[in-house]
Amino acid sequence: IYHDLAPGEREMHNERAARLLAARGAPKEEVAAHLLLIPARGEEWVVDVLRAAADAAVAKGDLDSAISFLRRALDEPPRPDARREVLLELGRFEGRTFVPDSVGHLQSAYELALEPSARGHAALNLARSLLFLGAADEAASLAGRAARELPAELADLAQSLEAIEVFAPVFGAEPNADRLERLLTYRAIDSSAGVGAKALAAVASWNWAVSAGPADRVCALARAALEGGELLAADGLMSIVATGPLALADLEEAVVMLEAYRAEAHRQGAAFRIAGAQIWNGYTQYLRGELGEDESELRASLE
């Protein structure tokens, strides 16, 4: 019966169903399933339901549905003050699934953001995406500039941005004497200050490891970055960076940490992070001489 209806009539019934379900307090995802099928009219309640449905989907690790809901919310469109938030949420989730999709939305969120915290978070996510798309110099420049623009009360966010800036040479950014000098000082950083400090400790430990630093001191810095699990929960990239020195030191801790990273990636439904876990576990198994497991992981990541 549904498919026998004319398209316009189907849309009308979907809208009626959405309104009825919303009025009865149905789960937001159930309401949103109907909203995906009706024309955009610029109604605030539609955007609110779609954003709530996206939050519910993310909590279940269903990023694909969350992305569909937010793309539809963007088409509605949201009122100007909510548009930046929708763009940032959408770009963040796209960055965990298919990075190329995220850049345009994150760039728009960054350009629209006026409040310092919002602008900083948009820059952080955008810079991270740019790293993986071969634009390391652009990522470093953006992250460094955004970090310097933040007020003192957002020091933790500024440090997270700086971590991207000083790690960018690993992705091919031009070497910079100032960034290398800062990394030397961060070998003694107090990583208990927050996620940003832990991210800087992670990058410093990696830089120290590939500079032939003493394994005991390098690994102590890497462990400090990973301690408490805050970095793993907040920043997938930097938690992987901190695991690298443990793998180079041939420590079982690296395997344990990568399994925790993989579990978190699966919990989030983040395909890009799952691929990252496979790459780095493959590399770790290669270092350990476990070539069969190494090959299996790398083939899975390629797929």
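The paragraphs below lead from the overall build of this chain to its core and then to its charged side chains.

The model is predicted, and its protein chain has 17 helices and zero strands. Along the principal axes, the C-alpha atoms fill a box of roughly 70 × 50 × 30 Å. Buried residues make up 50% of the 303 residues, and among contacts with a separation of 6 or more, 55% are accounted for by residues 24 or more positions apart.

In soluble globular proteins, nonpolar side chains tend to be buried together. Here the largest nonpolar core holds 90 residues, of which L35, L161, I164 and M238 touch the most other members. Helix α11, residues 195–210, contributes the largest share of this core, with nine residues.

Turning to charge, the count of salt bridges comes to 24. One of them joins E162 and R182, with N and O 2.8 Å apart; this pair links helix α9 (residues 155–167) with helix α10 (residues 177–185), across 20 residues of the chain. Both E162 and R182 are buried, and they belong to a network of salt bridges that also includes E165, D178 and R179.

Another salt bridge, also at 2.8 Å from N to O, is formed by E264 and R267, which are separated by about one helical turn because they lie three residues apart in helix α15. E264 counts as buried because its relative accessibility is 17%, under the 20% limit, whereas R267, at 47%, counts as partly exposed.

Conventions
Residues are numbered from 1 along each chain as its sequence is written. This is a predicted model: local features need pLDDT of at least 70, side-chain atom pairs count only at pLDDT 80 or more; totals for chains, interfaces and linings use all residues. Side-chain values use heavy atoms; hydrogens and water are left out. A nonpolar core is a set of buried Ala, Val, Leu, Ile, Met, Phe, Trp, Tyr and Cys residues joined through side-chain atoms within 4.5 Å. Buried means under 20% relative accessible area, exposed over 50%, partly exposed in between (1.4 Å probe, protein chains only). Helices (H or I, at least four residues) and strands (E, at least two) are DSSP runs, numbered from the N terminus. Contact means heavy atoms within 4.5 Å. A salt bridge is a side-chain nitrogen of Lys or Arg within 4 Å of a carboxyl oxygen of Asp or Glu.
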